[in-house]
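Please read this briefing alongside the sequence and the structure shown below.

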Amino acid sequence: MHPYIPHTPDDIRKMLDTVGMKSLDDLYADVPQEYIYKGDYDLPDAMSEDEIRRFFADLAARNVKMTCFAGQGWYDHCSPSVIPYLTQRSEFLTAYTPYQPEISQGTLRYIFEFQSMVCALTGLEVSNASMYDGPTAAAEAVRMAVASTRKKDVVLIASTLLPQVKEVVRTYASYSGTVIEEIAASDGQTSLDALTAALASGRVAGVLVPNVNAYGIIEDHTGFAEAVHAAGALLIEYCDPSTLAVLKSPAEWGADVAVGDGQSLGIPLCYGGPSLGFMACKKDYLRKLPGRIVGATTDRDGKRCFVLTLQAREQHIRRDKATSNICSNQSLMALWVTIYLSLLGPKGLAEVNERSSASAHYLCDQLVATGRFTPVSSKPFLKEFALDYQGDARALHKALADKGILAGVVTGDHRITFAVTEKRTREEIDCLINYVKEAAL
Amino acid sequence: MRYYDHLIFDYSKSGRCGYTLPKAAAPEVSTAVPEGLRRASAPALPEVSEVDVVRHYTNLSQMNFGVDTGFYPLGSCTMKYNPKINEEVAALPAFAAIHPLQPVETVQGVQAVYAGMEQMLSAITGMAYFTFNPCAGAHGELTGLMIMRAWHRSRGDMGRTKVIVPDSAHGTNPASAAVCGLDVVVVKSNADGLVDVEDLKPLLGPDLAGIMMTNPNTLGLFERDIKQIAALVHEAGGLLYYDGANMNPLIGKVRPGDMGFDIMHLNLHKSFSTPHGGGGPGSGPVGVAAFLKDCLPYPHTEGQQDNETTGSSAGCTQRVDLLTCGPFDPQKTAGRVSAHMGNFGVILRAYAWLLTIGRQHVREVGPIATLNANYIKELLRDAYKLPIPSVCKHEFVFDGLINDGAREGKEGATTLDVAKRLLDFGFHAPTIYFPLLFHQALMIEPTETESKETLDAFIDVMHRIAAEAAEDPDILHAAPHACPISRPDDTTAAKHPVINWADLQAE
């Protein structure tokens, strides 16, 4: 017998009697015999808990824990211990999607709080309950733009977006007949002139641009909304939500939709998942928004309560006419982010940005001072920046990796993009600088 | 459960905080963000203490029902027990602190998890390869359909834009097909609740991309004609997609790959025991037959596991050659479907479950789940209408009460009423009003982790509810009576959306 399967032989016998069968095999009498698998399942022997612990400890030992100076959409920020403690509460962890609001008010309330916080960060009026991750949220926003405009089949995306965002957007679009065109950059930032020229075709449904781009540059989107709206298209901002504590919000840029990845809000790196995607929009597009939405209402006794609402947009009602096929959200990660933002508050999140930015500028200055790096752009940045290296970027990166330092991400033969968060100590940063000085590469 | 009427914003007081940060590593750079790029005012986030946060979310949790609270007979959702050792494994810092862009030599433990899972899932399903990049079941469906289209496209067969979906299918099937740019054609069920082969035949043609099937279907019935269906679809040049939402009864018994399916997804948060987390994160790995390998999305782990050194079988190897994210052919791949390689933390949990079950217990999973479903069905058919009486698999569907108590001047009790009354007795409701084939559908799936005693208690309560309905349906109409709230006003919620804190304050 097994701890997860509580049936004794006697239970099985009695239950078979009840259903009028002689053996468990009889339950599959309707399955053509040729499909009953008679071979051996090539699986390991069942393990005890301690064997499992040892097995995973051995696997874990084959990963190298590195001091992280890498970013590119995935940041090693500090995360308060309260968060896993609360998200691991089994009433949150083991609950299903809140289809029965009478016994799901906990989930529904924190999703409502999550939506409120996404609205606060983005300045937009409406948020959904979360999506899978940033890139898929961007792909859904592109679909939403096409669905919200008439007979337009082109979506412009900034060439400065993170590669994974561009690739997922292109993948989704390639199956729905939407044409994706890239907007050129100048000095590392999306060019308004290039955007204006591309909008002239009259076929553009939406424009996707990053608030902080793949080079770490804070983009200036002055004039973007006016140009995009004059062409009858939607402006979509792809944001690092952590930076919205200090940077101009999507609403301030005049965006219609904001999307991004919630990982920078204290979610563990965990080899890229789970995190969450967020998606907010102006009220005008509420009924085009994909995904779950929680709303407030009252119960029969007048008590305030929360429900999944506006479900007429969704797949279980509309089937192939739904706004999206998304069926669920990354609910527990939405709880994670909600608790993170509650603990940090506006001041804490601003401090995270200030500290990260101070350390990033220090590292950047020190690396440039070695005489072996030159900045890719003169534009302002926060926690991430790209430098061109005079030698072989991969060789340098490898040499530092051998010392246990993840020295950014190699983004070209001679280019490395570094990210520094508030989690990196002065010693760790100086250690990186010293190794760079020592490395004769 | 106790009603608690607060939001975190209620506790906010300017100047409070719930965090500490490491001391500054470098002097502040006040000029980092030029004025024109700064936001005008701070975002309206709450300012609360750590104690406020802990008490508030603990109170919220106590208004929630989970698998650890009680029985969840939710059809098509496979709400089995979520083992705790899995959580311990997923929290290991040597996994949780790995950046997705670390050099592949430094993440061999991670890559071995992907390779081991691919081997074990292939063993269970009869497929050849798996991608773990999709983050949920519906995402897996979409990815599977992208693979289907990528394959036709790679052969220059551009006209295949139609996908057949049975009328009993999960709502995500047609929705995923639409997102993938396919036209959905519905095939009818026959009187036995199975795909009507005669209705299918005229739908096959040179424009067919494939068919999406769930087997057993959403009525819990095994599609006996699958062999003929597979032959017909393949003959027409289409591919067969298997919706793995209903895989649980087949675990340890039947492999979709053997039935002729070319592409399938699995829900690790269903059959493979990972927690639902109130709606996610899940994981929807997609398996394919060998000929579709080049059409998998990227990145995908490549490399040979070295079994010889330990003599152990799949998933259990201690030494491997270098595993890398393999090269891909841009002309054939379905593309990139998520940020990196899916929800790694969820995949780890499912790995731990598979190792706990192992070869010794895998053959118990499907059959015991199936026994549990048939047991409930037999003992409740005296009180609930059973439209399809034949042996079911992991789930079955009732079509409402036999005696709903309707009489002069009194409405009978509906499926919704039964569902709400169940909440009073500490059970989650079944899936209701799905599948759409029956007006009063109550879809029940117990899973293998529920004991005979739990099922007996559920059956007793369902009988009691049926007796109440016959006597006075108003007891059911007014249910639930013992939950933190009574039934919410959904109509007002949809007509006047109040969907964030600012809206609520404006009320």
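The C-alpha centres of domain 2 of chain A and domain 3 of chain A lie 28 Å apart, where the domain bounds come from an automatic or database domain assignment. This is a predicted model, in which local features need pLDDT of at least 70 and side-chain atom pairs count only at pLDDT 80 or more, while totals for chains, interfaces and linings use all residues. Residues are numbered from 1 along each chain as its sequence is written, and chains are lettered from A and ligands numbered from 1 in the order in which they are written.

**Domains of chain A**

- The assignment for chain A gives domain 1 (9-54), domain 2 (67-78 + 345-438) and domain 3 (82-339).
- In chain A, 22 residues of domain 2 are in contact with 22 residues of domain 3, and two residues are in contact if their C-beta atoms, placed from the backbone, lie within 7 Å.
- On the side of domain 2 of chain A that touches domain 3 of chain A, α12 (331-369) and β14 (384-389) of chain A each supply at least two residues, and α12(A) gives the most, with five residues; helices (H or I, at least four residues) and strands (E, at least two) are DSSP runs, numbered from the N terminus.
- By class, that side of domain 2 of chain A has 12 nonpolar, seven polar and three charged residues, where Ala, Val, Leu, Ile, Met, Phe, Trp, Tyr, Cys and Pro count as nonpolar, Asp, Glu, Lys and Arg as charged, and the others, Gly among them, as polar.

**Chain B and its domains**

- Chain B has 14 helices and 12 strands, and its C-alpha trace spans about 80 × 70 × 50 Å along its principal axes.
- With 507 residues, a compact globule would have a radius of gyration near 23 Å, and the 26 Å of chain B agrees with this; the radius is taken over C-alpha atoms, and the globule rule is 2.2 Å times the number of residues to the power 0.38.
- The assignment for chain B gives domain 1 (85-358) and domain 2 (361-493), and 31 Å separate their centres, taken over C-alpha atoms.
- Between these domains of chain B, 19 residues of domain 1 are in contact with 21 residues of domain 2, and the domain 1 side divides into eight nonpolar, nine polar and two charged residues.

**Where the chains meet**

- The contact between the chains takes 178 residues from chain B and 173 residues from chain A.
- Helix α9 (residues 344-380) of chain B gives the most to the side of chain B that touches chain A, with 22 residues, and that side divides into 105 nonpolar, 48 polar and 25 charged residues.

**Helix packing**

- α12(A) and helix α1 (residues 50-61) of chain B pack at an angle of about 155°, with their axes 9 Å apart; axes are lines fitted to C-alpha atoms, for helices over the stretch in contact, and angles run from 0 to 180 degrees between N-to-C directions.
- That angle makes α12(A) roughly antiparallel to α1(B), since angles under 35 degrees count as roughly parallel, over 145 as roughly antiparallel, 65 to 115 as roughly perpendicular and the rest as oblique.
- The contact is made by A:Ile339, A:Ser342 and A:Leu343 of α12(A) and B:Glu50, B:Val53 and B:Tyr57 of α1(B).
- Within chain B, helix α4 (residues 108-125) and α9(B) pack at an angle of about 55°, with their axes 10 Å apart, which makes α4(B) oblique to α9(B).
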